[in-house]
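The following exercises are to be worked with the coordinates open, and each task is followed by a solution in steps.

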2 protein chains.
Amino acid sequence: MSVLVVGSIALDSVKTPVEAHENLLGGSASYASVAASFFSPVQLIGVVGDDFPKEHIDLFGCRGIDLEGLQVVPGKTFRWSGEYQWDFNSRETLSVALNVFEHFTPKLPQAASNAPYVLLANIAPGLQSHVLDQSQGARFVIADTMDLWINIAKDDLLALLRRVDMLILNDSEARQLTGETSLIRAGSAIRRLGPRFVAIKKGEHGCLLFSEDAFFSCGAYPLEDIHDPTGAGDAFAGGLAGYLASLNPEEVTFDHLRKAVVYGSVLASFNVEAFSLGRLQQIGSEEIAQRYDTFRRMTHFELVS
Amino acid sequence: MSVLVVGSIALDSVKTPVEAHENLLGGSASYASVAASFFSPVQLIGVVGDDFPKEHIDLFGCRGIDLEGLQVVPGKTFRWSGEYQWDFNSRETLSVALNVFEHFTPKLPQAASNAPYVLLANIAPGLQSHVLDQSQGARFVIADTMDLWINIAKDDLLALLRRVDMLILNDSEARQLTGETSLIRAGSAIRRLGPRFVAIKKGEHGCLLFSEDAFFSCGAYPLEDIHDPTGAGDAFAGGLAGYLASLNPEEVTFDHLRKAVVYGSVLASFNVEAFSLGRLQQIGSEEIAQRYDTFRRMTHFELVS
């Protein structure tokens, strides 16, 4: 099965307490599509300007990502710059220039509109809905979001939620969206807004997955050295969606969803080990399988005999 | 095997945003000994004043806890009062009256000094060492501690750490003790101070367990309704130590330690469901086994087939 991934494609400037790099490949759809490509065919929907480096196009190409839905238009690519604090837990956005993204209207080629899996990576919920309007083949829709949209486009977001199978968001966003301080209550409250499944990310503390009658708590992969947290959430969403897209949507069980959350965590853990998509360019199925296995050994305990 | 538990025994006044109760049974040794008693014979070492209610003595008695090492001396029992903020994550100590605890000198009866397992629940590290000096049968020593001792008795704590097999502390304390922001680095750094095993508690985010060559990440049991967080860490330590004490110290593997951490988490999760030891008085082996099983179902995922 294939997965359509729509979101932002950006040129990032990122500063950490240790390093600073400019003009990096970034954006939610970049991270998510590459992460998904390890599991399933990916159709990328997005927009870049005519300044977008060919090497980034080639990176998508090397991962076998279908670029028919990638619009290259006159003007500059979306740019973002940010700085992380010493503990990597908080970051400040230094500048945002929407550029060609300001007038982005996603248009789905035929193949993409037939994709059974749709990952609406983090962009405005209005755009996410617009993609869904064209997704005739959609049978399993996953949406990511962020605090900005809860603040400035909550009605659009609520309208979108009624149309998606799964929402991914972080713990503070889940609390913000629902007004519940308990994440357990927040997960249930979000399900009442539409999504059958909700994944609440807790950063270094892992992820919680909710369905109607099941719950999964997944720890985070322990990392000693984080180089750049940018895109970790997008890589998580991409790994999760990519793994699911290797299955028939009708066959997806809660056990598959658990695995999907672990694969998402594995991709996110690789992603933060280097700036931009540097680490995801180096790994393959074997490294992913190894880390999945390590993850399992680190979190499992035995039944009482 | 039996486990010696030493720590504070207190009369607490606890206020939450919802309820307030006075003269509750509290103290690190009270929670820890009752939690341990579900798994193994327990010898309690502590001190109370002649105002200590008989019903609390009876509670220990009902749990089969050996009270030969419990000193009842003229004067008032140690008293603590605290208030929790709306999210239960922060609390303020309103008052502390050491009373008979000020001149507490633990003395071990013969049976207690022969106990193969020793749980040094949270009290001053000097007192913990004093108990260890008398523990002739000790073969597996677990110590709990808190930020106060890192601040005012760090040398005593460092001296103690060279003599214990396992240290239990929370995430902020681990960072404070080592100066490492990464908990993974902090766990390794604490191991270099002495303990073979380190358990770092992360509150609602679970617990990390470190050994020389293995690592375990345990989620917390998800709770919708927390009534009183007091003693959760002590119940965790007690459940952990009690389960281990059901084994021969020479036979303890890392798989047993994983289980011990889960049992500790199970006891802590029950403990916060009511004030004082109210909930631990209601449960039995069956409830504990059920929650252990639920815990396992919530955190496990399958091998890749």
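**Exercise 1.** In this predicted model, determine how helix α10 (residues 254–271) of chain A packs on helix α11 (residues 285–299) of chain A, and which residues form the contact.

*Solution.* Begin with the geometry: the two helices pack at an angle of about 115°, and their axes are 10 Å apart. Since angles of 65 to 115 degrees count as roughly perpendicular, α10(A) is therefore described as roughly perpendicular to α11(A). The handedness comes next, and the crossing of α10(A) and α11(A) is right-handed. As for the residues, α10(A) brings V262(A), Y263(A), S265(A), V266(A) and S269(A), which meet I288(A), R291(A), Y292(A) and F295(A) of α11(A). Sorted by class, this contact of α10(A) with α11(A) holds 6 nonpolar, 2 polar and 1 charged residues.

**Exercise 2.** Describe the packing of helix α7 (residues 171–178) of chain A on α8(A), giving angle, axis distance and handedness.

*Solution.* The fitted axes of α7(A) and α8(A) are 9 Å apart, and the helices pack at an angle of about 60°. In this pair α7(A) passes α8(A) in a left-handed crossing. The residues that make the contact are D171(A), A174(A), R175(A), L177(A) and T178(A) on the side of α7(A), with L183(A), A186(A), A189(A) and I190(A) on the side of α8(A). Their classes are 6 nonpolar, 1 polar and 2 charged.

**Exercise 3.** Carry out the corresponding analysis in chain B for helix α1 (residues 28–36) and helix α9 (residues 232–244).

*Solution.* The axes of these two helices of chain B come within 7 Å and cross at roughly 35°, and the crossing of α1(B) and α9(B) is right-handed. From α1(B) the contact draws on S28(B), Y31(B), A32(B), S33(B), V34(B), A35(B) and A36(B), while α9(B) contributes D234(B), A235(B), A237(B), G238(B), G239(B), A241(B) and G242(B). When the residues of the contact of α1(B) with α9(B) are divided by class, 8 are nonpolar, 5 polar and 1 charged.

**Exercise 4.** Find how many residues of chain A are in contact with chain B, and which elements of chain A supply them.

*Solution.* Counting first, 29 residues of chain A are in contact with 28 residues of chain B. On the side of chain A that touches chain B, α8 (183–191), β13 (215–218), α10 and α11 each supply at least two residues. Of the elements, α11(A) gives the most, with 5 residues. The residues of this side of chain A divide into 12 nonpolar, 8 polar and 9 charged.

Terms used
Residues numbered from 1 in each chain as written. Chains lettered and ligands numbered in written order. Predicted model: local features only at pLDDT ≥ 70, side-chain atom pairs only at ≥ 80, totals over all residues. Axes fitted to C-alpha atoms, helices over the stretch in contact; angles between N-to-C directions. Helix = DSSP H or I, 4+ residues; strand = E, 2+ residues; numbered from the N terminus. Parallel < 35°, antiparallel > 145°, perpendicular 65-115°, else oblique. Left-handed = near helix turned anticlockwise from the far one by under 90°. Contact = placed C-beta atoms within 7 Å. Nonpolar A, V, L, I, M, F, W, Y, C, P; charged D, E, K, R; others polar.
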